[in-house]
Amino acid sequence: MAKARTTAFFCSECGYESSKWMGQCPACKAWNTMVEEPIAKSSPSGASSSLGAGRRSLAPAVKPALLSEIDLQEQDRIPTGFKELDRVLGDGIVNGSLVLVGGDPGIGKSTLLLQVCRHLSGAGHRVLYISGEESLKQIKMRANRIGEVQGDLRFLCETNLDRIDRTIEAEKPEIVVIDSIQTMYREEVSSAPGSVSQVRESTSMLMQTAKTQGIAIFVVGHVTKEGVVAGPRVLEHMVDTVLYFEGDRNASYRILRSVKNRFGSTNEIGVFEMAEQGLVEVENPSEFMLNGRPEEASGAVVACSLEGTRPILLEVQALVAETSFGMPRRTAAGTDYNRVNLLMAVLEKRCRYDLGRLDAYVNIAGGMKMNEPALDLAIVMALMSSYKDRPVDPRMLIFGEVGLSGEVRAVSQAEQRVREAAKLGFTACILPQVCLEKMKPVEGIKLHGVKNVREAIGLL
């Protein structure tokens, strides 16, 4: 009789399971990611399959429901107390959902979730905050900093997920926070906490608890140096929503971005500012990003990027200077480096500007990271403004996609971008001619439609 396997090889990137080690994962094609870990013990009920071919599981059958029988009401969404977070989640928390929150260490994940718990308990909801990284005294120190906590908000320091499951069943909370999934472990799995097997089994258990008991569970996940959630990629596939907390720890603002959401849009972002009392939501990010902008400096251009349904105005800066080395240096911060090289090649080929001997530095002010094609024309105008040393009107908005032939192509929702600029006091806008032909006039702002890069540069 063959001996039962006690270990298996798992891919640390995608969670693929194999009985033997392989250099390359056949699922995600990653190299040297297979690690050997123990297999979770099978349940005693699995032995029933050997009692006979005709025997079936003794679990009772469940009756499927028709779509018309499912009652979906507005109160199924629970407001978090933060309009920015509600926007990212899709207008609130859904009962029975499993939400993964990832971000760099010290970015504010635990602070945000503790503030959400404070708002929810103050609104009459029963909340349980479970921490595997901090003691109760550490949690109380943070709670005292963000404000007085009212209502039924309970705290627990535990890493054994089997005990946590029994506590959740006994307390019956509406919302649960797990901080963090990498510290949790199950006794059935003999590998260390944070391993592929432990993370997968723990997430599976939490998902079952959320769906069967109708509890909304927030799970904090650590991130790797590449900026993705640590552990197998199957972790992101199992949860309902994946939120990433972005931003420089040295900067005051934070961006909460949804990369997966089964209950809403995946393009929405929420903007927060780190203050002494915790995170404060920024209701007008455009005004916040443009604060402190220089008035008469060349190479500074205001562009508009669309994040979901929200237009955000930001400043694109460029500096073109004589190179001191044999090969010119090109740097891009906040945007795609290859895209900057492509746009400079368009200027050299289509507009006959000699940029091959010059250094070029492009920056999105404030540490923002934007890769939308609508920023192409703003980058081109910033480069030309610095090259010719001619400042662009500080009350002018510029957006549009640039093709390899030098043409300026249309972008989505141009009218919404223009109205956002007019609301902030902008008086002029350079946009694609195709978009101008389809737009209605916007009061208080003059629109300049351009067909190619040459026409846009001529407006400098």
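Guide: A salt bridge is a side-chain nitrogen of Lys or Arg within 4 Å of a carboxyl oxygen of Asp or Glu. This is a predicted model, in which local features need pLDDT of at least 70, side-chain atom pairs count only at pLDDT 80 or more, and totals for chains, interfaces and linings use all residues. Residues are numbered from 1 along each chain as its sequence is written, and side-chain values use heavy atoms, with hydrogens and water left out.

Visitor: How many salt bridges does a search of the whole structure find?

Guide: The search finds 21. In one of them Arg339 joins Asp376, with 2.3 Å between the closest N and O atoms. This pair links distant parts of the chain, since Arg339 is in helix α8 (residues 337-351) and Asp376 in helix α9 (residues 376-388), 37 residues apart. Helices (H or I, at least four residues) and strands (E, at least two) are DSSP runs, numbered from the N terminus.

Visitor: Is Asp376 buried or exposed?

Guide: Buried means under 20% relative accessible area, exposed over 50%, and partly exposed in between (1.4 Å probe, protein chains only). Asp376 has a relative accessible area of 2%, so it is buried.

Visitor: Which residue forms a salt bridge with Arg163?

Guide: Glu158 does, and the closest N and O atoms are 3.7 Å apart. Glu158 is buried because its relative accessible area is 18%, and Arg163 is partly exposed at 44%.

Visitor: What is the partner of Asp354 in a salt bridge?

Guide: Asp354 is bridged to Arg357, with the closest N and O atoms 3.0 Å apart. Asp354 has a relative accessible area of 42% and is therefore partly exposed; Arg357, with 38%, is partly exposed too.

Visitor: Which residues gather in a patch of positive charge on the surface?

Guide: A patch is made of residues with over 30% relative accessible area and no salt bridge, like charges being joined within 9 Å and nonpolar side chains (Val, Leu, Ile, Met, Phe, Trp, Tyr) within 5 Å. Lys and Arg count as positive, Asp and Glu as negative, and His and the chain ends are not counted. The place of a charge is NZ of Lys, CZ of Arg, CG of Asp or CD of Glu. Here the patch of positive charge holds Lys349, Arg350, Arg352 and Arg454. Arg454 sits in helix α12 (residues 453-457) and counts as exposed because its relative accessible area is 51%.

Visitor: How many helices and strands are in the chain?

Guide: The chain has 12 helices and 23 strands. Of its 460 residues, 47% are buried. Its C-alpha atoms fill a box of roughly 85 × 55 × 50 Å along the principal axes.

Visitor: In which order do the 3 strands of the open sheet come?

Guide: Two strands pair if DSSP finds at least two bridges between them. In this open sheet the order is β2-β1-β3, with antiparallel pairing. Strands β2 (17-18) and β3 (34-38) are the edge strands, each pairing on one side only. Strand β1 (residues 7-11) is joined to β2 by 2 bridges: Phe10 is partnered with Glu17, and Phe9 with Ser18. These two strands form a hairpin with 5 residues between them, and Gly15 in the turn has a positive phi of about 85°. On the β3 side there are 5 bridges, including the one between Thr7 and Pro38. In β1, 4 of the 5 residues are buried, so the strand is largely enclosed by the rest of the structure.

Visitor: Which way do the residues of β15 point?

Guide: In a regular strand the side chains alternate between the two faces of the sheet. From β15, Ala300, Val302, Cys304 and Leu306 point one way, and Val301, Ala303, Ser305 and Glu307 the other. Strand β15 (residues 300-307) is largely enclosed by the rest of the structure, because 8 of its 8 residues are buried. It pairs with strand β16 (residues 310-322) in the antiparallel sense over 8 bridges, and one of these partners Ser305 with Ile312. The hairpin of β15 and β16 has 2 residues between the strands, and Gly308 in the turn has a positive phi of about 70°.

Notes: Areas by Shrake-Rupley, 256 points an atom, 1.4 Å probe, with all protein chains shown as cover.
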